[in-house]
Amino acid sequence: MSGLLPGFADPVLDAQSSFRAVLEAMSRPGRVQRLPRAPSPPAPLGAAAGAVLLALVDSATPLFIDAGADAVEWVRFHAGCPIVPGAGEAEFVLCTGTAPRLASLRQGTDEEPQGSATLILQVDALEEGTGWRLTGPGIEREHGLRVRGLPEGFLAEWKANGARFPRGVDVILCDGDRIAALPRSLRIEEG
Amino acid sequence: MTTEGYNFAYLDEGTKRMIRRALLKAVAVPGHQVPFGSREMPLPYGWGTGGIQVTASVVGPDDVLKVIDQGADDTTNAVSIRRFFARVAPGLRTTERTAEATIIQTRHRIPETPLREGQVMVYQVPQPEPLFKLEPRRAETKRLHALADYGLMQVKLYEDIARHGRVGSSYDHPVMVGGRYLMAPSPIPSFDNPKMHLSPALQLFGAGRERRLYAVPPYTEVRSLDFDDHPFVPLRASGSCALCGADHTYLDEMVTDDRGGRLFVCSDTDYCGERQEQQAAERAA
């Protein structure tokens, strides 16, 4: 336990402010939100990914995480969530390395689409206003978002994900202490 | 009531996380009802337990909360919910001004003042299932939503036209969200339905007794159900407000004596009050 890093400085209010940022990101896809009250989790976990985890996961949510033993120990201690060995069994999937294929994650059912997985993905960079052209619920006309560090073929996978609506995976992209979300209702076109 | 020993915003953190996860899924699938573990609240079902739980899971000390009941800030339900949050959420400011609020919890109205980005509407919902009166079996309505099979509701509207000559219940008129899900807008007057369409604010709905919540993200298409040859017409009493003279707002009818005297006033007390202040200032100038 010697090297265990702290979680939220204020577990109640930091979780609230982090959740609000995620809610804002999910309801306005492509807008990048900053999480000012994020913790400093062990590498390779970034601040935003750590904050999203602590705000949302607990003993009721199986988590798949590929960030190594330190990160597993940290999230297990602070959130108490069960860690599952396969991404396909998890309600939350956190990836710092290669992202799993969207189709391999839990999709929910037509009757209960809320049973799908949420993929928290650490990327190299998020930039608002350029790149992809985003349309869909939450967007007045069009938002621009450039994401660096996504696996090749992500857009094709996203299109297939959208075709499964209302089933499908929701994605939260994390870069340092910033996030942007891609709800399954979102349409993405190459800019 | 003492608030010592209670968590910020009353609910424990585990409950908030559960509701927060459900809210995120609800935003991702606009109009779809997500079940949640509704908790016992210090007020009875039917008084806004769903709305309160949603507000409690969203609210922070930097927020400014407005609560309205049928448009009014000063009715029992609104006052007690506002006081509740002022007690259990230290730092939170409350207001009666729509423009100042960051979270507006509402029972049965949408404010007249246009909403803006950064605001969250929280609706108290008695019956989240728009098909409930036509098909009471949950298992069946879930299947109908999964198949987007809303023929039942179209038939009901058709029968309304055949019998009464017009479409449109005066309140809780069903809407299609994002062209996919049939949704109960909560018992807001049909006058307010068009305000949901492409609203810049995030709209969240909580039904405590029925244990469902759902959401409409900003700038999302919300169409009142109708027919091409019988378009939806929002209902409004013909008349103008006796206090501020507004002829474009939703009106309440007030009985003033026992000899049949009555008048109409704005249901949105904040909007009406602001107009009266403005008119008084103009007269004084």
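In chain B, contacts between residues 24 or more positions apart account for 62% of those with a separation of 6 or more; two residues are in contact if their C-beta atoms, placed from the backbone, lie within 7 Å. For chain A, 64% of the contacts between residues at least 6 apart join residues at least 24 apart. The model is a predicted one, where local features need pLDDT of at least 70, side-chain atom pairs count only at pLDDT 80 or more, and totals for chains, interfaces and linings use all residues. Residues are numbered from 1 along each chain as its sequence is written, while chains are lettered from A and ligands numbered from 1 in the order in which they are written.

**The two chains**

Here are the two chains, listed with their helices and strands, which are DSSP runs numbered from the N terminus (helices: H or I, at least four residues; strands: E, at least two). The table also gives the buried share, and a residue is buried if 20 or more other C-beta atoms lie within 10 Å of its own, exposed if 12 or fewer, and partly exposed in between, with C-beta atoms placed from the backbone.

| Chain | Elements | Buried share | Span along the principal axes |
|---|---|---|---|
| Chain A | 4 helices and 9 strands | 53% of 191 residues | about 50 × 30 × 30 Å |
| Chain B | 7 helices and 12 strands | 49% of 285 residues | roughly 60 × 55 × 40 Å |

Chain A has a radius of gyration of 16 Å, which agrees with the value near 16 Å for a compact globule of 191 residues. Chain B, at 19 Å, agrees with the value near 19 Å for a compact globule of 285 residues.

**The cores**

A nonpolar core is a set of buried Ala, Val, Leu, Ile, Met, Phe, Trp, Tyr and Cys residues joined through C-beta atoms within 7 Å. The largest one holds 120 residues, and V22(A), V52(A), V93(A), L94(A), I179(A) and L213(B) touch the most other members. Helix α2 (residues 47-56) of chain A gives the most to this core, with 9 residues. A second, separate core has 9 residues, among them F191(B), Y250(B), F264(B) and Y271(B). Beyond residues up to four places away in sequence, V93(A) touches F64(A), A87(A), P100(A), L105(A), A117(A), L119(A) and I120(A).

**Where the chains meet**

The contact takes 29 residues from chain A and 30 residues from chain B. On the side of chain A that touches chain B, helix α1 (residues 11-27) supplies the largest share, 12 residues. This side of chain A divides into 15 nonpolar, 6 polar and 8 charged residues; here Ala, Val, Leu, Ile, Met, Phe, Trp, Tyr, Cys and Pro count as nonpolar, Asp, Glu, Lys and Arg as charged, and the others, Gly among them, as polar.

I139(A) sits in the loop between β5 (125-135) and β6 (143-148) of chain A. I139(A) counts as buried because 21 other C-beta atoms lie within 10 Å. Setting aside neighbours within four places in sequence, I139(A) is in contact with P29(A), G30(A), L134(A) and Y219(B). Y219(B) has a positive phi near 50 degrees, though it is a residue other than glycine, and counts as buried with 20 C-beta neighbours inside 10 Å.

**Strands and turns**

Two strands pair if DSSP finds at least two bridges between them. Chain A has an open sheet of 3 strands in the order β6-β5-β9, with antiparallel pairing. Its edge strands are β6 and β9 (187-189), each of which pairs on one side only. Between β5(A) and β9(A) there are 3 bridges, and R133(A) has E189(A) as its bridge partner in β9(A).

In chain B, strands β11 (residues 251-255) and β12 (residues 262-266) pair in the antiparallel sense over 5 bridges. L251(B) stands opposite C266(B) in β12(B). The hairpin of these strands has 6 residues between them, and G260(B) takes a positive phi near 90 degrees there.

Finally, cis peptide bonds: A43(A) and P44(A) are joined by one, with omega about 5 degrees, and F165(A) and P166(A) are too, with omega about 5 degrees. P44(A) is placed in the loop between β1 (33-34) and α2 of chain A, while P166(A) is in the loop between α4 (154-163) and β7 (170-175) of chain A.

How values were computed
The radius of gyration is taken over C-alpha atoms; the globule rule is 2.2 Å times the number of residues to the power 0.38.
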